[in-house]
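Please look at the model below, and keep it at hand while reading the paragraphs that come after it.

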Amino acid sequence: MELNIIVNKKAYTFEVEPSDSLLDILREKLNLTGTKNGCKQGHCGACTVVVNGKAVKSCITKARKLENANIVTIEGISSDFSLHAIQEAFIEATGVQCGFCTPGYIMELYALFNANPEVGKEDINKALEKHLCRCTGYKPIVQSAMLAQQKIRKE
Ligand code: FES
Ligand code: FES
């Protein structure tokens with residue numbers, strides 16, 4: 001079937017198979033490899049992108065259900081060669097080690113803070129709990145999220 005979608009503000013039309021996931025489309029058709037394939041089963045959160053304003057796990061999201069959807073990936077959040085505040089915060093608060101899980105965390109927080117920059121700590125923790133990281137021990141990721149919120153509030 002034919003699918004029309006918008007990814008990072010650009011419109012695309014392509015043929016998709018019923019079994020194609022959004023992750024397949026992003027990585028294989030659009031070469032947006034910042035979105036990672038960690039488990040392909042909805043467990044790790046590495047594949048998280050934002051669809052119509054909500055953070056979703058792209059590996060378990062069927063492409064065929066996304067007609068006219070507006071999608072943002074990690075490649076779409078920085079502008080004019082400057083990093084997004086959440087990306088800066090992950091660097092400054094050492095929330096990144098190998099970096100494999102990082103785009104998923106960042107897109108989760110991007111959706112969360114866009115919906116409500118004043119969201120409370122409990123909701124931030126709840127959002128972070130949807131993700132797995134094998135490197136950081138999580139504390140720097142929580143600190144990165146809090147720093148990101150401070151930066152966004154100041155913007
Ligand atoms: S790759 Fe999608 S949740 Fe792990
Ligand atoms: S930084 Fe390596 S998996 Fe999270």
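The model is predicted. Two packed helices are described by the angle between their axes and the distance between the axes.

Begin with helix 2, residues 85-92, and helix 5, residues 139-154. Their axes lie 8 Å apart, and the packing angle is about 140°. Angles over 145 degrees would count as roughly antiparallel and 65 to 115 as roughly perpendicular, so helix 2 and helix 5 are oblique to each other. The crossing of helix 2 over helix 5 is right-handed. On the side of helix 2, Ala-85, Ile-86, Glu-88, Ala-89, Phe-90 and Glu-92 make the contact, while helix 5 supplies Ile-141, Ser-144, Leu-147, Ala-148, Lys-151 and Ile-152. Sorted by class, this contact of helix 2 with helix 5 holds eight nonpolar residues, one polar residue and three charged residues.

Helix 3, residues 102-115, also packs on helix 5, with axes that come within 11 Å and cross at roughly 40°. The limit for roughly parallel is under 35 degrees, and helix 3 and helix 5 are therefore oblique to each other. Helix 3, too, passes helix 5 in a right-handed crossing. Here Tyr-105, Leu-109 and Phe-113 of helix 3 touch Ile-141, Ala-145, Ala-148, Gln-149 and Ile-152 of helix 5. The contact of helix 3 with helix 5 comprises seven nonpolar residues and one polar residue, with no charged residues.

Which residues of helix 4 meet helix 5? Helix 4 spans residues 121-128, and its axis comes within 11 Å of the axis of helix 5, crossing at roughly 130°. That angle makes helix 4 oblique to helix 5. The crossing of helix 4 and helix 5 is right-handed. The residues in helix 4 are Lys-121, Ile-124, Asn-125 and Leu-128, and they meet Ile-141, Val-142, Ala-145, Met-146 and Gln-149 in helix 5. By class, there are six nonpolar, two polar and one charged residues in the contact of helix 4 with helix 5.

The remaining topic is empty space. Rolling a probe the size of a water molecule over the atoms shows where empty space is left. The largest pocket has a volume of about 150 Å³. Its lining consists of Cys-44, Ala-46, Cys-98, Phe-100, Cys-101, Leu-132, Cys-133, Arg-134 and Cys-135. In the lining of the largest pocket, eight residues are nonpolar, none is polar and one is charged.

Definitions and conventions:
Residues numbered from 1 in each chain as written. Chains lettered and ligands numbered in written order. Predicted model: local features only at pLDDT ≥ 70, side-chain atom pairs only at ≥ 80, totals over all residues. Heavy atoms only, no water. Axes fitted to C-alpha atoms, helices over the stretch in contact; angles between N-to-C directions. Helix = DSSP H or I, 4+ residues; strand = E, 2+ residues; numbered from the N terminus. Left-handed = near helix turned anticlockwise from the far one by under 90°. Contact = heavy atoms within 4.5 Å. Nonpolar A, V, L, I, M, F, W, Y, C, P; charged D, E, K, R; others polar. 1 Å grid on protein atoms, 1.4 Å probe; cavity = no way out; pocket = protein on both sides within 12 Å on 5 of 7 lines; lining within 4 Å. Points joined across faces, edges and corners; volume = space filled by probe spheres on them.
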